[in-house]
Amino acid sequence: MSVSTHRALQVEDILATIVRHLSPYVWDRQAILATPDGLDVGPVKDFSLLGVDGIPSVENQRALLQCARVSRTFSSHALKVLWRTLPNFQPLRHLLDLMGFSYADLVEGAPIHTLPSDFEPIAHVQEWRRYRWYASCVVAVRSVINCNALDEWSDKGGPPVLPRLQSARFQLDPRSINRSLRLLNSSMRDLTLDFDSSSHRAWETSGWSTENVLDAVARSAPGVQVLNVTFRAPPQDISPVLPRLRHLRVLVITGWMTPSLHAAIEALEYLELLYLKLYWTRHAEGNLGDLQLRQYPSVKTLVVFTLSEPAILALQATEFPALERARLEIWPYSSDATEGLVQIIQTLHRNAPKLRSLILTTSSAAVYGDRPPPRLSTVLKPLLQHHVLETLSVTLQENYAFAVTREDILSFASAWPNIVRLDLAHAPTLSGDSLPPVVTFLELVTACPRLETLVLCARFDCSARDTWRDTVIPPHPLRELFLGLEPETGSYRPDKTWRALAGVLHRCFPCLELKRDLVRADVVGAQTLEIWNGVLQQVQEIREDGGSSLSAPEL
């Protein structure tokens, strides 16, 4: 070891930084708090477990154990990282067993491990200091803390006090509510509260309400920044309670939308990400039709699942002056589902002037008698005036069929000059107008120099290939592409047509990735997907032979 390296390892901050890189866990919450507006809100992201670390890295755990065992220099730092996140309370229980836990150490009837960390024990001082050091390292507990987990500590007088606990998930039970609340502290930053326990009947006779619990949480853990709450019943009186958690930056709500909740969110001045996973319902609880217009001035990211009537009414009564990203999943329940979809888009255009990313998923309501307009542009019309859009992803499932014309495609180019991702996935169908020629998508791409992902299910007309097979545009950075092509190309040799189209893609898009999972067959149709995969296969073959097969004209 060189002298400089030896000196560097004497600096505690350098040691801590080195060992921290071996952490077995990825701290999602830290990333969320650092840049909540940059959080991935794509279709595959599930926010219901915000703040829960992923599966630990076994290699990193082994490396930390080796550091703790073989080097005094690294030992304390490695142990801190190992004990930072516990799978459950069992390591602490095992530690007490090794110490020979005894009720002889009771202080006024309470075991020392359940007392505040500033309490100084009289007996077995060294053992208790050792225990307190390990307990002070614990920042997160990954498993759900429920009544059973707390009952396991009955023979030791109750669960341990963890003075630096920052992240925990509780499934609240009225039989153990006081023990759960004792685990909260001023260090808490990421908190999950699930009121929907199996003993829901016991809540009615316990004297505890949702409002009482949230009030106790606000007093014990006022610094919470990420709150994930699952309600057992529609929250009615939380408007004076929730704002006491004034440092909230991420709020995840599973349950119902009510006037009280709608008003409470307005008072959260630092809230940046709002996630609502609402239970399906046909009616608006608490007369949501008469909601007062509210403003959520700090919310930058909005995610809403099961966007039924109560959520739509709340959305229409809310202004989002800072909203930049939205992800909505709408599940239809009536014959006016398409009308509701249009209203939502109109509301976002009106109430969220800075919205630059919209991801929207919905399903066909044909079984309820819904009759969508033939052209997709009719639904998207309000967004054609929203020129700041950079990402628009619309997935219309269950044979939700629309037509896209050449006029529509060119209107997209003029409406969204800074678009980066345009993803319009639906079942392609015909309209009264003629099919758009395949070169139309090249006009769109040329007008949008930042475009990287394009999905258009327009049933492009690929006939008359001699008129477009030699088309050339300046090299474009497009990376992902899916086009819905008309199966009846008008040519007696469709294989030649697809080969010619592959040649155009090869020339115009040198960075194109041959990804075949941009769309699903149950959305765009199996035949449409099969044809496009065939075109991508032709592009791959052209690349493999270096483009030499394109040198001679194909007849």
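Let me start with a definition: rings of Phe, Tyr and Trp (for Trp, its six-membered ring) pair if their centres lie within 6.5 Å, with planes under 30 degrees apart counting as stacked, over 60 as edge-to-face and the rest as tilted. Ring pairs of this kind link Trp 83, Trp 133 and Tyr 134 into a cluster.

Some conventions. This is a predicted model, so local features need pLDDT of at least 70 and side-chain atom pairs count only at pLDDT 80 or more, while totals for chains, interfaces and linings use all residues. Residues are numbered from 1 along each chain as its sequence is written, and side-chain values use heavy atoms, with hydrogens and water left out.

Now the overall picture. The protein has 20 helices and 18 strands; helices (H or I, at least four residues) and strands (E, at least two) are DSSP runs, numbered from the N terminus. Of its 555 residues, 53% count as buried, where buried means under 20% relative accessible area, exposed over 50%, and partly exposed in between, with a 1.4 Å probe and protein chains only. Contact here means heavy atoms within 4.5 Å. Among contacts between residues at least 6 apart in sequence, 78% join residues at least 24 apart.

Helix H5 (residues 72–84) and helix H7 (residues 125–137) have axes that come within 7 Å and cross at roughly 60°. Axes are lines fitted to C-alpha atoms, for helices over the stretch in contact, and angles run from 0 to 180 degrees between N-to-C directions. By class, that is five nonpolar, one polar and two charged residues. For the classes, Ala, Val, Leu, Ile, Met, Phe, Trp, Tyr, Cys and Pro count as nonpolar, Asp, Glu, Lys and Arg as charged, and the others, Gly among them, as polar.

H16 contributes Arg 406, Ile 409, Leu 410, Phe 412 and Ala 413, and H17 contributes Thr 440, Glu 443, Leu 444 and Ala 447. The classes here are six nonpolar, one polar and two charged.

Next, the ring pairs in general. The count comes to 12 aromatic pairs. One of them joins Tyr 296 and Phe 320 edge-to-face, 5.6 Å centre to centre with 85° between the planes. The two residues are 24 apart, Tyr 296 in the loop between strands E8 (294–295) and E9 (301–305), and Phe 320 in the loop between strands E10 (318–319) and E11 (325–330). Both Tyr 296 and Phe 320 are buried. Phe 412, from the H16 contact, forms a stacked pair with Trp 416, at 5.3 Å centre to centre and 15° between the planes. Phe 412 and Trp 416 are buried too.

Thr 391 lies in strand E13 (residues 391–397) and is buried at 17% relative accessible area. Leaving out residues up to four places away in sequence, Thr 391 touches Arg 356, Ser 357, Leu 358, Ile 419 and Arg 421. Thr 258 is in the loop between strand E6 (250–255) and helix H12 (259–266), and counts as buried at 0% relative accessibility. With the same exclusion, its contacts are Pro 234, Pro 235, Gln 236 and Leu 288. Thr 347, in helix H14 (residues 337–351), is buried at 3%.

Last, the backbone. Most residues other than glycine have a negative phi. Arg 459, in strand E17 (residues 453–460), has a positive phi of about 55°. Ala 464 also has a positive phi of about 55°. Where is Ala 464 found? It is in the loop between E17 and strand E18 (480–485), and at 49% relative accessibility it counts as partly exposed.
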